[in-house]
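Please examine the structure shown below. The paragraphs that follow lead through its parts in turn.

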Amino acid sequence: MANTSEPKSALPNTLPRPEGEEEQLLRIWAQPAGWRWFTAVNNTTIGLLYIGAAFAFFVLAGLVALVMRTQLAVPENHLVSQDLYNQLFTMHGTTMMFLFAVPAMEALGVLLLPQMLAARDLPFPRLSAFAVWAYIIGGGVFFCTIFLDLAPKGGWFMYPPLTLTEYSPGDNADFWLLGIGFIEISAIAGAIEIIVGILRTRPPGMSLDKLPIFAWSMLVFAGMIVVAFPAVILATMYLEIERSFGWPFFTAAGGGDPLLWQHLFWFFGHPEVYIIFLPAAGLVSMIVPTMARTPLVGYKLIVVALIATGFFSFGLWVHHMFATGIPALSLAFFSATSMAVAVPSGIQVFAWIATIASAKGRFQLNTPSLFVLGMLFIFTVGGLTGVMVAMVPFDWQAHDTHFIVAHLHYVLVGGMVFPLFATFYYWAPMVSTRMLSERLGKWSFWLMFIGFNVTFFHMHITGLIGMPRRVWTYSEASGLGPYNFASTVGAYIIGAGVLVFIIDAMRNFRVGRHGMSNPWQAGTLEWLPTDVYSTRSIPHVTSREPLWDQPNLSEQVEAGEHYLPNAPTGGRETIVTSAIEAKPQYVIQMLGPGWMHFFAAVFTAACFLLLTIKVVVPALVYGVLAIVCFLVWAWELDKGPAKGPIDIGAGFKLPVYVTGPVGHGWWAMVILMLVAGSLYFAYLFSYLYIWTVSPGVWPSAASLPRLQWPAVSALLFIAGAAFFAVAKGTLPEPGEKNLLTPLLVLLGALLSVLAVYMEIRCQWQTGLRPAESSYGALVYMAGVLDGQLVFAVLIMSLFVIARHFTGKLDRVRFASLENTNLLAYYTVAQALTGLLIIHGFPRMI
Amino acid sequence: MATSKQVFSEKFIGIALLALAGPLIWVVHFAVVYGVQHIACVTLGNRAEFWVAASIIVITVLALLALLVLIVKPDDILQRLDKSQTREETTKEFFSGIIRLLALLSVFAVLWSGIALFFLPACASVA
């Protein structure tokens with residue numbers, strides 16, 4: 001086999017390409033037509049669907065906001081009832097945060113990243129498609145609850161005790177808990193796709209120091225989702241379990257604490273602000289240099305700022321809890337980080353200003369630029385008021401007033417919505433045959449910019465003079481009427497700006513290719529000529545702005561003179577490169593269109609939604625159907641090495657199948673383990689936190705199960721892991737079978753099941769019940785968390801066994817067993833940690 | 001497996017962890033100062049003041065020293081971990097710069113949290 005680290009000959013390869021090569025690519029990557037459109041997985045189709053759905057939710061949530069502003073336009077108004085108003089503000093916040101902002105950014109990742117990285121597609125195209133359909137179905141049903149008086153009413157952060165069954169009876173809160181939990185799972189699926197895509201499917205030569213800033217921002221964004229989202233998933237599990245079964249995580253009478261929700265929610269919720277902002281900042285960092293016709297000033301500093309913001313944003317969560325009576329020194333830690341995070345944010349703003357200044361007057365003032373400049377003004381104001389509320393004494397005065405409403409809208413609309421509209425105008429020509437209108441774009445910008453400031457600027461004042469947020473109406477004597485009326489006028493002006501954009505899009509946005517190539521004369525790869533297969537060949541990259549620095553690159557790529565100008569395996573494929581230096585490693589054989597990811601999304605959504613309304617048996621049936629769809633889908637993933645190695649050009653001959661840490665499947669599984677680890681970390685935090693609040697409900701050592709029980713559980717877990725490890729060594733040669741392998745895998749899984757059962761049984765035998773106290777709830781919750789992983793390991797084990805008996809698992813082709821082993825090892829590590837805490841900690845105190 | 005072993009590979013996890021060492025030190029510092037303060041105030045009563053102060057000072061000094069090493073010697077540390085001769089010089093410089101600058105930003109964050117001790121009581125709420 002050829003050396004795979006260095007090319008043997010230089011590109012471009014100017015030899016004539018064989019006949020029919022491009023036609024084959026077109027055939028392989030063709031979009032399914034008619035009703036089979038639902039099976040499509042191409043990143044442009046999925047990305048456009050994703051961004052279209054996110055924009056639809058933005059419009060819907062905006063309309064909800066207009067109803068709210070109309071209600072508040074005059075004092076003592078009765079346009080909507082108090083109960084409906086509660087539903088409206090809950091749906092507005094929830095939809096904007098969960099159904100618009102994060103999905104819109106993931107959508108842009110799916111749409112833009114493969115183009116910026118000149119990959120044929122992201123590495124798991126069906127995973128993206130699954131995430132989109134799950135989001136559309138789940139989000140659509142969730143939003144419809146507003147029309148049925150079933151929408152949640154607890155505000156977008158759903159604080160207990162208000163959201164406990166006693167104070168929020170009915171299914172309204174459950175729609176939030178299960179609906180949002182489900183949508184977050186979809187977001188995590190997208191994040192895994194994005195991380196693996198950015199780190200492993202870059203074009204050869206694009207080392208990390210040449211990565212486009214948007215890709216850096218998406219890498220940080222996806223990493224933050226992996227760490228942050230599990231905390232709120234765990235919180236929603238706690239609250240739903242408490243509402244359904246009475247396990248008292250948040251009820252003080254049972255030793256729980258409502259503040260636990262706030263800790264977990266804001267551990268997700270504050271990073272969420274940056275999860276939304278960072279990709280938008282990445283987009284701005286792409287647009288500004290193009291418009292300034294000069295490379296971005298401070299590339300390295302911006303990368304540092306993105307990473308630092310990603311980290312520091314996790315030290316801010318108590319910033320939302322300054323008014324909860326936490327000790328002053330604790331508040332100071334979070335206040336300090338709230339100010340520290342302003343430094344990297346400031347670095348980015350100054351880098352953009354410096355880039356614009358370095359253009360020396362050549363900066364083009366068009367619609368994307370206007371939205372970027374509008375963002376700079378609005379976000380900076382939001383950042384400054386953010387520093388104000390980071391100061392604890394000021395926050396006490398402004399807490400839960402319209403000052404906060406103004407601040408968060410300045411941050412989020414400035415930090416995300418304006419860059420998104422800049423993106424629409426800037427990147428539309430990449431997927432549309434026509435550009436959007438400059439004239440309508442400028443109208444849209446000015447209406448939105450003026451409308452935004454009219455709506456929100458003086459909310460700082462109304463907040464400081466005492467207008468609380470989330471009030472249905474207010475007294476005429478308060479004198480707040482004129483301010484509110486002006487805000488309502490401003491909101492309608494914003495609505496007019498969005499309407500102008502929609503008209504522009506309807507008139508000019510036509511999905512298709514062969515429009516203008518690189519209308520802005522940008523330097524990055526998404527402006528290479530493309531077709532359904534993405535670029536004709538995958539370029540070798542030598543700079544951050546290849547289209548500026550590599551003459552004739554577009555022509556060479558289009559002529560097939562760079563890597564992989566054909567489809568050697570006869571299917572969909574793209575090059576996998578090393579994570580740091582982007583050296584070619586192997587070629588992924590990717591899945592094409594199919595129904596399974598679509599039905600998996602439909603059945604998963606049905607399962608969650610039926611659980612919400614407590615229709616348990618049909619929900620379980622749909623759950624089983626969803627698992628079947630996942631397994632059928634996964635059956636096709638491991639295609640084996642038969643079609644390789646293949647020649648991708650320039651002397652590289654690459655395998656089409658690898659296992660171990662080089663493989664993209666291994667990476668995805670490791671990231672999934674990080675998600676599970678983050679969730680378990682949040683669980684351990686909960687356990688210790690509740691102990692500090694209610695040590696009285698912790699039992700004495702005498703009431704605990706005897707130590708031989710956890711010892712037996714631990715031994716069973718360890719033995720299970722050992723069986724999995726040994727099973728890998730017994731894999732047969734290709735074409736042969738070894739019954740020992742499936743036997744060991746099955747035993748490994750069954751021992752893990754038995755270990756979880758033993759742990760739950762030993763707790764039950766002591767008389768401990770989960771509904772009696774927060775201690776009991778947390779002890780059994782550990783069993784729930786271990787149990788769900790063990791269930792996953794069991795299903796994967798059965799899958800591996802089936803592959804063995806069908807001749808698809810052997811010493812060469814064993815990715816499915818390898819991934820099962822990884823999850824099994826993680827499960828054992830998590831379970832042993834849990835046993836140590838649950839049986840050890842009460843004996844220590 | 002034969003095919004996998006011949007594929008070009010690199011020490012990504014080690015290099016990534018090193019590049020992120022500055023903010024990771026901040027994470028550890030933050031978790032320890034907040035965790036120690038929270039638990040000590042709940043469990044130690046009157047003795048908490050001393051133990052909170054002592055532990056915050058110790059962990060802050062340790063964190064700052066570690067960050068100082070990252071700022072001063074990023075190239076040496078990177079070289080020890082990654083002996084790859086084929087790595088491009090620009091990539092090496094990029095990672096050195098990232099290590100140094102992230103550590104510098106983390107110094108501010110660590111210092112900012114650590115010095116709060118000198119201005120506020122360890123356990124009392126001022127609300």
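In this predicted model, the C-alpha centres of domain 1 and domain 2 of chain A are 37 Å apart. According to the domain assignment, domain 1 of chain A spans residues 39-508 and domain 2 of chain A spans residues 685-844. Where these two domains of chain A meet, domain 1 contributes twelve residues to the contact and domain 2 likewise contributes twelve residues. On the side of domain 1 of chain A that touches domain 2 of chain A, helix H7 (residues 258-292) of chain A gives the most, with three residues. By class, that side of domain 1 of chain A consists of six nonpolar residues, five polar residues and one charged residue.

Attention now turns to chain B. Chain B contains six helices and zero strands, and its pattern along the sequence reads α-α-α-α-α-α. Chain B has 127 residues, of which 33% count as buried. Among the contacts in chain B with a separation of 6 or more, 82% join residues 24 or more positions apart.

The contact between the two chains involves 47 residues from chain B and 45 residues from chain A. On the side of chain B that touches chain A, at least two residues each come from helix H1 (2-6), helix H2 (12-19), helix H3 (21-43) and helix H6 (89-114) of chain B. Helix H6 of chain B gives the most to this side, with twelve residues. In terms of residue class, the side of chain B that touches chain A comprises 32 nonpolar, twelve polar and three charged residues.

Note on methods
Residues numbered from 1 in each chain as written. Chains lettered and ligands numbered in written order. Predicted model: local features only at pLDDT ≥ 70, side-chain atom pairs only at ≥ 80, totals over all residues. Helix = DSSP H or I, 4+ residues; strand = E, 2+ residues; numbered from the N terminus. Buried ≥ 20, exposed ≤ 12 C-beta atoms within 10 Å, placed from the backbone. Contact = placed C-beta atoms within 7 Å. Nonpolar A, V, L, I, M, F, W, Y, C, P; charged D, E, K, R; others polar. Domains from an automatic or database assignment.
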